[in-house]
Amino acid sequence: MAKKYQLAHLDLDTVAWQPIMPPERKAIEESENQIIEFIESRPNWVIEGCYSDLLKLVMPKASEIIFLNLPISECIDNARNRPWEPHKYESKAAQDANLDMLISWITDYNNRTDTFSKVAHEKLYRDFNGKKTELVANVSDV
């Protein structure tokens, strides 16, 4: 979407985590500062991620949201088929080393109640007053 419409893109994974092992979340205020800097320095943007606590900070500035409310099986297929994300991993092999953990995490999506849960995402979607779209299947043309 960012590429198609020439929008600045922010992957929330890049502002949510400290660069240490094992991974640890940054303080919300630190992530918020990075998000605000991103938004304020670009006229048009897309922000993606599953962090409802961070997305809640973005909502007042968003003109539109898209909720990718896919079946778990499609999310797992997407995880298995995702291209290498060089902004997160040093290699495709390093990325794929986390695949089992990611699939386990995805599998538990409907049962969690944390910031990454379906219930948290549904609330964000429900509470947003602007233009919103819910996608329940993968689409190639958004």
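This is a predicted model: local features need pLDDT of at least 70, side-chain atom pairs count only at pLDDT 80 or more; totals for chains, interfaces and linings use all residues.
1. Is Ile103 buried or exposed? With a relative accessible area of 14%, Ile103 is buried, since buried means under 20%. Setting aside neighbours within four places in sequence, Ile103 has contacts with Ile76 and Arg80. Ala79 is also worth a look: 24 residues separate Ile103 and Ala79 in sequence, while their C-alpha atoms are 7.3 Å apart in space.

2. Leu102 is another residue of helix H7. Its relative accessibility of 18% makes Leu102 count as buried, because the limit for buried is under 20%. Beyond residues up to four places away in sequence, Leu102 touches Ala79 and Arg82. Between Leu102 and Arg80 there are 22 residues of sequence separation and 9.4 Å from C-alpha to C-alpha.

3. Now for H7 as a whole. Which residues of H7 are buried? They are Leu99, Leu102, Ile103 and Ile106. These four cover an arc of only 100 degrees around the axis, which puts them on the same side of H7. On the face turned away from that buried side, H7 carries the exposed residues Asp100 and Met101. The buried residues of H7 pack against H5 and against helix H6 (92-96).

4. The partner helix H5 has a buried side too. Ile72, Ile76 and Ala79 are the buried residues of H5. Looking down the axis of H5, one finds them within an arc of 60 degrees, so they line one face of the helix. H7 is among the elements that cover these buried residues of H5.

5. How do the two helices meet? Helix packing in general is described by the angle between the two axes and the distance between the axes. For helix H5 (residues 72-81) and H7, the angle is about 165 degrees and the axes are 10 Å apart. H5 and H7 are therefore roughly antiparallel to each other, as angles over 145 degrees count that way. Ile72, Cys75, Ile76, Ala79 and Arg80 make the contact from H5, and Leu99, Leu102, Ile103, Ile106 and Thr107 make it from H7. The crossing of H5 past H7 is right-handed.

6. How many residues does the largest nonpolar core have? There are 30 residues in it, and those with the most contacts inside it are Leu10, Leu12, Ile35, Phe38, Ile39, Trp45 and Ile47. H7 gives the most to this core, with four residues. Ile47 makes a handy entry point for viewing: apart from neighbours within four places in sequence, Ile47 is in contact with Leu10, Leu12, Ile35, Phe38, Ile39, Leu55 and Val58.

7. Ala120, His121, Leu124 and Tyr125 are buried in H8. Around the axis they cover an arc of only 135 degrees, which puts them on the same side of H8. Their cover includes helix H4 (52-58), strand S5 (64-68) and strand S6 (131-135).

8. Ala16 belongs to helix H2, residues 13-16. A relative accessible area of 0% makes Ala16 buried. Which residues does Ala16 contact, leaving aside neighbours within four places in sequence? They are Glu24, Arg25, Lys26, Ser31, Tyr51 and Leu54. Thr107 is 91 residues from Ala16 along the chain, and 21 Å separates their C-alpha atoms.

9. Finally, two loop residues. Gln6 falls in the loop between helix H1 (2-5) and strand S1 (8-11). Most residues other than glycine have a negative phi. In Gln6, however, phi is near 55 degrees, a positive value in a residue other than glycine. Gln6 is exposed, with a relative accessible area of 74%. Pro60 lies in the loop between H4 and S5. Its relative accessibility of 68% means that Pro60 counts as exposed, because the limit for exposed is over 50%. Pro60 and Ala94 are 34 residues apart in sequence, with 36 Å between their C-alpha atoms.

Methods. Residues are numbered from 1 along each chain as its sequence is written. Side-chain values use heavy atoms; hydrogens and water are left out. Buried means under 20% relative accessible area, exposed over 50%, partly exposed in between (1.4 Å probe, protein chains only). The arc is that of the directions from the helix axis to the C-beta atoms. Contact means heavy atoms within 4.5 Å. A nonpolar core is a set of buried Ala, Val, Leu, Ile, Met, Phe, Trp, Tyr and Cys residues joined through side-chain atoms within 4.5 Å. Axes are lines fitted to C-alpha atoms, for helices over the stretch in contact, and angles run from 0 to 180 degrees between N-to-C directions. Angles under 35 degrees count as roughly parallel, over 145 as roughly antiparallel, 65 to 115 as roughly perpendicular and the rest as oblique. A crossing is left-handed if the near helix is turned anticlockwise from the far one by less than a right angle, and right-handed if clockwise.
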